[in-house]
Amino acid sequence: MASLSVDHLVGIKELSKEDIALIFQTADNFKSVLNRSIKKVPSLRDITIANLFFENSTRTRLSFELAEKRLSADVVNFSAASSSVKKGETLIDTVNNILAMKVDLVVMRHPNPGAAKFLSEHVDSKIVNAGDGAHEHPTQALLDAYSIREKLGDVSGKKVVIVGDISHSRVALSNIFCLQKLGAEVMVCGPTTLIPKYIHELDVKVEYDLRKALEWCDVANMLRIQLERMDVNYFPSLREYTMLFGLDKEFLNSLSKKIVVMHPGPINRGVEITSDVADSDQAIILDQVENGVAVRMAVLYLLAEKIKRED
Ligand code: CP
């Protein structure tokens, strides 16, 4: 049986095109399970998973927990706000104490870039990165690409623009890696202050005019402005950002072709997109969320298969 080339999912950068194809093929099977009246399979009955969230989350945390429960895994949840991390315990000590309770796999969101990779090198458990600072958010990129494939038939050859706060976005970086591995053309668009200086090393197109970017693309992924990661002002006001980089229905309707609109959530309605765009038939935002459960089931299942083979 085919297996992943990696022992952990710390980033899309480490995955091969074949790994992504295997995850999508496995997710297709789980998506059909999720559409049945009994949405549960016994695949991870002997596996215990700890969800460690050191940063806020709604979609990713609930999506992982549902994916784990649909696979019949035992699940424990940890949030930094109510843990002994507040008393000065290190990340490695915290995780090793959790692993001593016979946990097999750790899903972690952490504010520090590289935290998931660091953990994968220092503890005896499979690690899944649920977002590490402004670095990577691999399962978000996988579910985004999976949703494009579902909507447009294929990712290869498609033109995807990622709009907004590229500098502070782990979704942007993981999406760039994932879409390029699958043969899409990628553009970023946003204020000059929110496009990182290293962008040219990533082989993506850069556009500062939203109309030109949207006329070019098949798919627009509209990112949230990450005010919580900004220590200085990167633009004069949210109102000015919206005037230049926000998408409303009139703008969407004025384009020469019908594009697909995506958003990783959480949405700031009226800032990056208006409600009538978010709720329009061109938006696949809730499809992304739905697909997230199947994609995360696939990732967990494939890593758990490796654990079972190692035992
Ligand atoms: N898309 C995403 O990561 O959302 P959460 O922060 O709610 O998990």
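Trainee: Where does P266 sit in the chain?
Mentor: P266 belongs to the loop between β9 (260-262) and α10 (275-278). These elements are DSSP runs numbered from the N terminus, helices being H or I with at least four residues and strands E with at least two. This is a predicted model, in which local features need pLDDT of at least 70 and side-chain atom pairs pLDDT 80 or more, while totals for chains, interfaces and linings use all residues. Residues are numbered from 1 along each chain as its sequence is written, and side-chain values use heavy atoms, without hydrogens and water.

Trainee: What kind of peptide bond joins G265 and P266?
Mentor: The bond from G265 to P266 is cis, with omega at about -10°.

Trainee: What about S72: what is its phi?
Mentor: Phi of S72 is near 70°, which is positive although the residue is not glycine. S72 lies in the loop between α2 and β2 (74-79).

Trainee: Back to G265 and P266. Which residues are closest to the centre of the largest pocket?
Mentor: The largest pocket has a volume of about 420 Å³. Of its 20 lining residues, R109, R170, R224, G265 and P266 are the closest to the centre. A pocket is an open set of points on a 1 Å grid over the protein atoms alone, with protein on both sides within 12 Å along at least five of seven lines; a cavity is a set where a 1.4 Å probe fits but cannot get out, and lining residues have an atom within 4 Å of a point.

Trainee: Which domains does the pocket lining draw on?
Mentor: Domain 1 (12-136 + 292-310) and domain 2 (138-288) each give at least three residues to the lining of the largest pocket. The bounds come from an automatic or database domain assignment.

Trainee: How far apart are the two domains?
Mentor: The C-alpha centres of domain 1 and domain 2 are 26 Å apart. Their contact (heavy atoms within 4.5 Å) takes 26 residues from domain 1 and 25 residues from domain 2.

Trainee: How much area do they bury?
Mentor: Domain 1 and domain 2 bury about 2300 Å² between them, with 62% of it on carbon and sulfur atoms. On the domain 1 side, I12, F24 and E136 lose the most area to domain 2, together 27% of what that side buries.

Trainee: How many salt bridges cross that interface?
Mentor: The rule (a side-chain nitrogen of Lys or Arg within 4 Å of a carboxyl oxygen of Asp or Glu) finds 3 across the interface of domain 1 and domain 2. The count by this rule comes to 13.

Trainee: What does E150 pair with?
Mentor: E150 forms a salt bridge with K31, and the closest N and O atoms are 2.6 Å apart. The pair links distant parts of the chain, E150 in helix α5 (residues 138-152) and K31 in helix α1 (residues 17-34), 119 residues apart.

Trainee: Changing topic, how many cavities of 30 Å³ or more are there?
Mentor: The search of the whole structure finds 2. The largest cavity has a volume of about 70 Å³, and its lining includes R59, S63, H263 and R296. α11 gives the largest share of that lining, 5 residues.

Trainee: How do the residues lining the second largest cavity divide by class?
Mentor: They divide into 8 nonpolar, 1 polar and no charged. Among them are I166, L173 and Y198, and the volume of this second largest cavity is about 30 Å³.

Notes
Grid points are joined across faces, edges and corners, and a volume is the space filled by probe spheres set on the points. Buried area is the accessible area (1.4 Å probe) that two parts lose on being put together, summed over both. Ala, Val, Leu, Ile, Met, Phe, Trp, Tyr, Cys and Pro count as nonpolar, Asp, Glu, Lys and Arg as charged, and the others, Gly among them, as polar.
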